[in-house]
Amino acid sequence: MDIKLEQVEHLYMAGTPFEKKALKEINVEIPSGSFTAVIGHTGSGKSTFIQHLNGLLKPTKGTVQVGSFVIKAGEKFTDYKSLRQKVGMVFQYPEHQLFEETVRKDICFGPRNFGMSEQLAEERMMEILPKVGLDESLLESSPFQLSGGQMRRVAIAGVLVSLPEVLVLDEPTAGLDPEGRETMLDLFARYHQEHDTTTILITHQMEDAARYADYFIVLDQGKVEMVGTRDEIFRQVDKLRGFGLSLPEEVEFLYAFKEKFSLTDDELYYDLDNV
Ligand code: ADP
């Protein structure tokens with residue numbers, strides 16, 4: 001699904017002394033089928049940005065378009081249920097949102113809420129379980145008896161079971177060690193490929209962004225400062241550094257050579273896949 005934001009602004013606590021403009025004049029498109037990383041410093045507006053994609057937040061100004069859904073500032077939008085079925089969102093520490101008595105009920109909560117038949121929800125759940133690395137034998141357990149890693153997988157299964165066309169991931173690997181991060185991101189990368197999803201990942205880990213994403217949006221102080229393919233973005237090392245972003249180790253390594261041999265960004269050009 002194509003995603004387009006036009007002249008989007010978001011004000012928190014508008015009209016109060018605490019008013020905060022978290023997004024300013026955002027004009028950006030996210031290509032359908034891309035694996036897009038949204039990167040930027042803490043407080044740059046990443047979470048605010050992605051919450052506009054499933055209507056959790058409405059723009060104070062401008063228009064958000066997700067496929068055929070159009071959310072316009074000042075205009076009523078009512079189709080939240082269909083939008084949220086198409087746009088799945090995995091928040092930080094998604095396991096904190098588990099609440100049902102059993103794993104089965106928790107995974108099927110979304111589809112039931114979206115009006116899917118029990119039978120179809122069950123079929124989808126059985127398809128998704130191995131993809132998230134969960135065993136059927138856990139279905140009747142309480143999610144709260146599981147390990148932290150398993151709980152997170154249950155929460156993710158509960159999002160994927162609705163087969164979202166857009167998958168938004170807000171730091172889904174928070175709190176995991178490097179191996180856990182890789183396993184989790186591999187899972188999303190596989191889902192992305194198999195289902196031709198548009199995937200949007202917020203991450204602090206530039207290594208992960210460089211490894212999994214093919215398209216980048218760099219936010220700084222509520223503005224989109226850079227947009228482009230992975231190579232286009234990582235060619236502009238100086239600019240990225242200017243936004244205080246820690247670069248992937250590979251880029252830091254090349255950067256050291258850049259300074260030493262006075263190379264231009266073009267001369268520094270490389271394909272990350274070959275690093
Ligand atoms: P990021 O995800 O990049 O860390 P956020 O989107 O969370 O950034 O925040 C952007 C700005 O908006 C920050 O200055 C933050 O303090 C502010 N902000 C975020 N959420 C709220 C809120 N609910 N009320 C008021 N200000 C907020």
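**Close-up views of a predicted model**

Helix 3 and helix 4 are oblique to each other, a word used for angles that are not under 35 degrees (roughly parallel), over 145 (roughly antiparallel) or 65 to 115 (roughly perpendicular). This is a predicted model, in which local features need pLDDT of at least 70 and side-chain atom pairs count only at pLDDT 80 or more, while totals for chains, interfaces and linings use all residues. Residues are numbered from 1 along each chain as its sequence is written.

**View 1. The packing of helix 3 against helix 4.** Helix 3 (residues 103-113) and helix 4 (residues 118-131) pack at an angle of about 135°, and their axes are 10 Å apart; axes are lines fitted to C-alpha atoms over the stretch in contact, with angles from 0 to 180 degrees between N-to-C directions. Helices (H or I, at least four residues) and strands (E, at least two) are DSSP runs, numbered from the N terminus.

**View 2. The residues around the ligand.** The shell is formed by Y12, M13, K20, A22, G40, T42, G43, S44, G45, K46, S47 and T48, each with its C-beta atom, placed from the backbone, within 6 Å of the ligand. Strand 2 (20-30) and helix 1 (46-51) are the elements that give two or more residues to this shell, and helix 1 supplies the largest share, three residues.

**View 3. The setting of these views in the whole chain.** The protein chain has ten helices and ten strands, and its C-alpha trace spans about 60 × 45 × 35 Å along the principal axes.
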